[in-house]
Amino acid sequence: MAFWLIKSEPDAFSWDEQVANGVEPWTGVRNHQAKKNLAAMKNGDRAFFYHSNVQRAIVGVVEVVREAYPDPTAETGQWVCVDVKAVGPMPQPVTLAEIKQSAELEDLALVRQSRLSVCPVSADHWDILCRMGGWKEPVR
DNA sequence: GCCAACGTTGGC
DNA sequence: GCCAACGTTGGC
């Protein structure tokens with residue numbers, strides 16, 4: 001199982017909406033590197049749900065429930081999306097400021113490449129971030 | 001609101 | 001194919 005981090009501006013699509021909807025197609029990615037990451041996702045993979053811009057924190061965990069398929073919001077069909085399901089909220093949201101303070105997390109893709117909206121997270125980093133957020137369920 | 005990073009576009 | 005101009009994202 002692989003781990004990821006997906007970003008959303010809460011003004012556009014928030015964690016609350018994700019929870020309310022349950023399963024949600026993750027559409028609108030228009031960046032080739034992010035697309036590559038989406039295409040690599042497998043059913044059962046988990047991802048942090050990150051609020052960019054106004055909050056800048058990991059606020060929840062989602063699970064991939066449908067692997068990459070053509071993004072219906074892209075006319076040309078050259079982009080892909082996946083479906084993700086809300087698993088649960090971070091008991092304590094992990095802020096970008098905290099992440100940046102941790103030497104262990106300095107090479108996290110989120111930090112290194114701030115503009116990438118779908119980033120991979122290593123299993124080690126996943127564990128560290130879960131611990132920081134008080135996530136109780138061991139996923140591996 | 002500003003600025004840095006980075007992707008895209010278009011002239012040559 | 002190079003590179004300057006410009007637009008967008010996202011942190012501060």
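Start with helix 5, residues 123–133. In this predicted model, helix 5 lies across strand 1 (3–8), strand 3 (46–51), strand 4 (57–70), strand 5 and strand 6. Look along the helix and then along strand 5: helix 5 runs at about 45° to strand 5.

**Next: the sheet**

Hide the helix and select the strands. Which order do the six strands take? They form an open sheet in the order 2-5-4-3-1-6. The pairing is mixed. Strands of a sheet pair through backbone hydrogen bonds, either parallel or antiparallel.

Now go to the edges. Strand 2 (23–26) stands at one edge and strand 6 (118–121) at another, each with a single partner strand, so one side of each has no neighbour in the sheet.

Zoom in on strand 2 and strand 5 (residues 80–95). These two pair in the antiparallel sense over four bridges. Select valine 23 there. Across from valine 23 is lysine 85, in strand 5.

**Next: the whole chain**

Show all of chain A. The chain has five helices and six strands. Trace them from the N terminus: β-α-β-α-β-β-β-α-α-β-α.

Now step back. The C-alpha trace spans about 40 × 30 × 30 Å along its principal axes. How does the radius of gyration of chain A fit that of a compact globule? Chain A has 14 Å, which agrees with the value near 14 Å for a compact globule of 140 residues.

Colour by burial. Of the 140 residues, 36% count as buried. Then turn to the contacts in chain A with a separation of 6 or more: residues 24 or more positions apart account for 70% of them.

**Next: DNA strand C**

Select DNA strand C and its surroundings. Around DNA strand C are Lys7, Glu9, Ser52, Asn53, Arg56, Leu96, Ala97, Lys100, Ser114, Arg115 and Ser117. Which element gives the largest share of this surface? Helix 3 (residues 96–101) does, with three residues. Colour the surface by class: two residues are nonpolar, four polar and five charged.

**Last stop: DNA strand B**

Move to DNA strand B. Asn31, His32, Gln113 and Arg115 surround DNA strand B. What classes make up this surface? Three residues are polar and one is charged, with no nonpolar residues. Finish on Arg115: the residue is listed around DNA strand C and also around DNA strand B.

Conventions. Residues numbered from 1 in each chain as written. Chains lettered and ligands numbered in written order. Predicted model: local features only at pLDDT ≥ 70, side-chain atom pairs only at ≥ 80, totals over all residues. Near = placed C-beta within 6 Å. Nonpolar A, V, L, I, M, F, W, Y, C, P; charged D, E, K, R; others polar. Rg over C-alpha atoms; globule rule 2.2 N^0.38 Å. Buried ≥ 20, exposed ≤ 12 C-beta atoms within 10 Å, placed from the backbone. Contact = placed C-beta atoms within 7 Å. Pairing = 2+ DSSP bridges. Axes fitted to C-alpha atoms, helices over the stretch in contact; angles between N-to-C directions.
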